[in-house]
Amino acid sequence: MNKIQPKTLFVGKNIVYLPTCHSTNDIASEKIQNGEGIDGTIVITDHQTSGRGQRGNTWEALKAQNITMSLILKPSFLRPSEQFDLNMAVSTGIYQFFKANGTEGISIKWPNDIYINDKKAGGILIESTISGNNLNYSVIGIGLNINQNSFSNPRATSLTVETGSAEMPLDALVEQLCFYLETAYLSLKNGHKEEIKKKYLEIMFRAGRLSRFRDENGTFLGTIRGVDPVGKLIVEGEITEKSYDIKEIEYLFD
Ligand code: BTN
């Protein structure tokens with residue numbers, strides 16, 4: 001894995017490969033604190049023992065079967081209120097990566113779960129620091145299910161399960177992923193924020209379709225109408241339209 005050579009300008013040019021570690025996000029944050037946070041560095045492991053997910057969840061992945069990595073970026077061109085733009089750029093980059101590998105039925109379940117045919121195939125955990133009025137460093141934690149074919153969670157899947165293909169080489173996939181992440185990130189940096197948002201809304205899981213959710217008032221039927229500028233989910237309910245933060249709404253599956 002430390003020999004990967006992505007065709008990129010800076011993403012993945014510096015690689016920290018650890019056969020085993022607790023959490024690549026934590027290692028990446030330590031590198032930043034130690035003054036070793038080179039823009040585009042990838043911290044990657046075969047086996048993560050304390051992987052962290054969103055909402056304080058854990059992230060489980062079988063050893064050497066999946067992509068488990070964190071990318072260090074320095075998005076100082078973004079204000080803290082624009083962090084969701086980075087989220088959308090990374091999500092669309094990962095979408096393009098799955099698409100390039102023959103996957104149909106990919107979508108992004110807000111805010112940034114990667115879904116294939118209504119099952120979760122990957123997750124993203126972005127953790128940023130702020131300096132003055134701008135973002136300083138962002139650690140983009142990425143867990144993608146690639147060759148794993150059994151899951152304790154019935155709503156989880158992987159690239160090879162969905163495409164029916166044989167085991168795929170992780171090194172080559174990571175090189176490709178670096179390329180798609182860099183392309184999406186540079187597009188954001190070059191001011192194409194509106195195109196990225198348009199793409200994100202197009203590929204959003206359940207967007208524009210009446211479906212069931214739960215909020216503090218109970219379950220309801222609603223339709224996703226988009227995301228607001230800070231990334232809250234806009235859902236049109238039976239009576240009103242509301243914007244939700246991550247902990248305030250749950251998607252229900254029948
Ligand atoms: C989620 O869907 O809840 C986000 C999961 C993010 C998991 C990745 S795996 C690599 C990186 N290191 C971590 O501890 N978490 C992220």
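Me: How many aromatic pairs are there here?
Reply: The count comes to 12 aromatic pairs. Keep in mind that this is a predicted model.

Me: Take Tyr115 and Phe205. What sort of pair do they form?
Reply: A tilted one, with 4.8 Å from centre to centre and 45 degrees between the planes.

Me: Where do the two sit in the chain?
Reply: Tyr115 is in strand β5, residues 113-116, and Phe205 is in the loop between α5 (193-202) and β8 (210-215). The pair therefore ties together parts that are 90 residues apart in sequence.

Me: Is Tyr115 buried or exposed? And Phe205, buried or exposed?
Reply: Tyr115 counts as buried, at 5% relative accessibility. Phe205 is buried as well, with a relative accessible area of 3%. The cut-off for buried is under 20%.

Me: What about Tyr115 and Phe253, how do their rings pair?
Reply: They are stacked, because the planes are at 15 degrees and the limit for stacking is under 30 degrees. The ring centres are 6.4 Å apart.

Me: Which parts of the chain does that pair link?
Reply: Strand β5, which holds Tyr115, and the segment after β12 (250-251), which holds Phe253. The two residues are 138 apart.

Me: How accessible is Phe253?
Reply: Phe253 is partly exposed, with a relative accessible area of 29%.

Me: Which residues do the ring pairs link into a cluster?
Reply: Tyr115, Phe205, Phe213, Phe220, Tyr244, Tyr251 and Phe253.

Me: Which residue lies over the face of Tyr251? And over Phe253?
Reply: Lys109 lies over the face of Tyr251, 4.6 Å from the ring centre. For Phe253 the residue is Arg206, at 4.9 Å from the ring centre.

Me: Switching to the ligand. How many residues surround it, and which are the closest?
Reply: There are 20 residues around the ligand, and the closest are Ser23, Gln48, Arg52, Gln54 and Lys120.

Me: How much of the ligand's accessible area does the protein cover?
Reply: The protein covers 98% of the 410 Å² that the ligand has on its own.

Key: Residues are numbered from 1 along each chain as its sequence is written. This is a predicted model: local features need pLDDT of at least 70, side-chain atom pairs count only at pLDDT 80 or more; totals for chains, interfaces and linings use all residues. Side-chain values use heavy atoms; hydrogens and water are left out. Rings of Phe, Tyr and Trp (its six-membered ring) pair if their centres lie within 6.5 Å; planes under 30 degrees apart count as stacked, over 60 as edge-to-face and the rest as tilted. Helices (H or I, at least four residues) and strands (E, at least two) are DSSP runs, numbered from the N terminus. Buried means under 20% relative accessible area, exposed over 50%, partly exposed in between (1.4 Å probe, protein chains only). A charge sits over a ring if NZ of Lys or CZ of Arg is within 6 Å of the ring centre and within 35 degrees of the ring normal. A residue is near a molecule or strand if one of its heavy atoms lies within 4 Å of it. Accessible areas come from the Shrake-Rupley method with a 1.4 Å probe; for residues, only the protein chains shown count as cover.
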